[in-house]
Amino acid sequence: MVDLSTVPLTALSIKSKQVICNLLNPTKYIPCENGLPRDWRGLAHLSDLEGEIMPMLSSHPDPTMFILQTLEKRGKQNLTSLQDMLSMLDRWDIIDDAQDFIEEDAVKYLEHLQNSQTTTDAIEDNVDAKVLTVDDLYRTRQGLENQRYDAFVLYANEDMDFANEMIDKLEKYNIKLCIKDRDLIGGITFEHEAVMTLISERCNRLIVIVSPDFIKSSANKFFLNYAQAVSIDKRQRKIIPCLYKKCALPPQLSYMFILDYTRVGLYDFWGRLRDSIQVPNTLQNGDIKVQSLKDKEDTIQIENKSQYGTTYPETETLQLKKCNNALDHQNSDFVAQSKLTKSTENLSDSVTEKQKRNGFLKWTKRKLKLKENTKKRNFETITETLTIDSLPSLPSLDNLDKLSITIDTANAATNKSKEKISKKRKTLKQILLKS
């Protein structure tokens, strides 16, 4: 049951008004108990339209319609007040005949009122520039960033069947692909600009299905050249060429390794294509990376939520604590092992360096000792040759004949002997100094 007191008089449809007007416009000569006429004149009296308006209403072709429109403009009356005025005029026949029409008008009015309360939000600036795919639309509503893709599939329209086969096989490996005919939002002003943005900023790879029809397309050549420029600028392996049909390769692909679909034998085309796309974003460089405690807690929380909702049982909480303790122990063991390894390496380096230094010192000492022994042996040889005992015995002067020589001659002989002795002393001193 509809509450007519909440529905204004403007909710009446033309059909309902015509039913009321057809029953109130005819003149009724017998008044009701309160003395009011039982036609439009009584309605005018209850609506406070007496005075100068009454002569005009008398000549109006539809006075009841005029009264109803006047009441709508005032905005003070509702459907319940209209029924009360008709009951005061003893016009229960009009109430009974128009009841179904009035209730139908009230229901429609309330439905329109409810629909009008749910309005759409205004589009913010730069939203359309960011929303390029259907995935972007759903993620923007959830307050998330734009969708990223593993690869963008570029193909000719004639190769649609092979492209659909590739999409079905790759998406089974949970590879997120972007396809222009499937994912782009309708009404994008510059389609080429949107595809360029997806290739350069939102897609990690570009899968190119090479065929004679692909080479004929100028748009595909443009996107291929653009992807090559992006790969050179970012120093990334951007393009993954897949030869679908034999043809002359474009110059951009002539120096690349191409996955050949036409190749037979043990060549796993789909497996190699999957591995070419699924490349890790970061390299570990040989370092052992232990998962952090927070990441482990988040992983366990996600698994527990999928099983038990937003609350965790006590057993899952205990399991989480055990996992945290084990992870802490694993982290401490890893740190201790790394420190031990580092100290061992430093110790081995220091021992090796010390051994090298000791070996060099021993070799130097051995060389100096050998040189010293050589010098000592040379000195002993020289001294042995210069000892008085080893010199030949000189003849005695007693047996010599006396010579009649002058003093000058004797002095000259003495000087010569002194010079010889001094020369020998200098030679000996030089030998000693050198040793």
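The following exercises, each with a worked solution, concern a predicted model of one protein chain.

Residues are numbered from 1 along each chain as its sequence is written. Local features of this predicted model need pLDDT of at least 70 and side-chain atom pairs count only at pLDDT 80 or more, while totals for chains, interfaces and linings use all residues; side-chain values use heavy atoms, with hydrogens and water left out.

**Exercise 1. The chain as a whole**

Task: State how many helices and strands the protein chain has, and what share of its residues is buried.

Solution. Helices (H or I, at least four residues) and strands (E, at least two) are DSSP runs, numbered from the N terminus. Counted in this way, the chain holds 17 helices and five strands. A residue is buried under 20% relative accessible area, exposed over 50%, and partly exposed in between (1.4 Å probe, protein chains only). Of the 435 residues, 27% count as buried. A contact requires heavy atoms within 4.5 Å. Among contacts between residues at least 6 apart in sequence, 68% join residues at least 24 apart.

**Exercise 2. Ser16 and Ser217**

Task: Determine where Ser16 lies and whether it is buried or exposed; then examine Ser217 likewise.

Solution. Ser16 belongs to helix α1 (residues 14-24). Its relative accessibility is 1%, so Ser16 counts as buried. Beyond its neighbours within four places in sequence, Ser16 touches Phe101, Ile102 and Asp105. Ser217, by contrast, sits in the loop between α12 (212-216) and α13 (218-234). Ser217 has a relative accessible area of 22% and is therefore partly exposed. The C-alpha atoms of Ser217 and Ala156 are 7.3 Å apart in space, although 61 residues separate the two in sequence.

**Exercise 3. The pair α1 and α4**

Task: Describe how α1 and helix α4 (residues 63-74) are oriented and which residues meet.

Solution. Two packed helices are described by the angle between their axes and the distance between the axes. Axes are lines fitted to C-alpha atoms, for helices over the stretch in contact, and angles run from 0 to 180 degrees between N-to-C directions. The axes of α1 and α4 come within 9 Å and cross at roughly 130 degrees. Angles under 35 degrees count as roughly parallel, over 145 as roughly antiparallel, 65 to 115 as roughly perpendicular and the rest as oblique. The two helices are therefore oblique to each other. Lys17, Ile20, Cys21 and Leu24 of α1 meet Thr64, Met65, Leu68 and Glu72 of α4. These residues divide into five nonpolar, one polar and two charged, where Ala, Val, Leu, Ile, Met, Phe, Trp, Tyr, Cys and Pro count as nonpolar, Asp, Glu, Lys and Arg as charged, and the others, Gly among them, as polar.

**Exercise 4. The pair α5 and α6**

Task: Classify the orientation of helix α5 (residues 79-88) and α6, and locate Asp97.

Solution. The axes of α5 and α6 come within 10 Å and cross at roughly 175 degrees. The pair is therefore roughly antiparallel. From α5, Leu79, Gln83, Leu86 and Ser87 meet residues of α6 including Trp92, Ile94 and Ile102. By class, this contact has seven nonpolar, three polar and no charged residues. Asp97 lies in α6 (residues 92-117). With a relative accessible area of 44%, Asp97 is partly exposed. From C-alpha to C-alpha, Asp97 and Leu23 are 9.6 Å apart in space and 74 residues apart in sequence.
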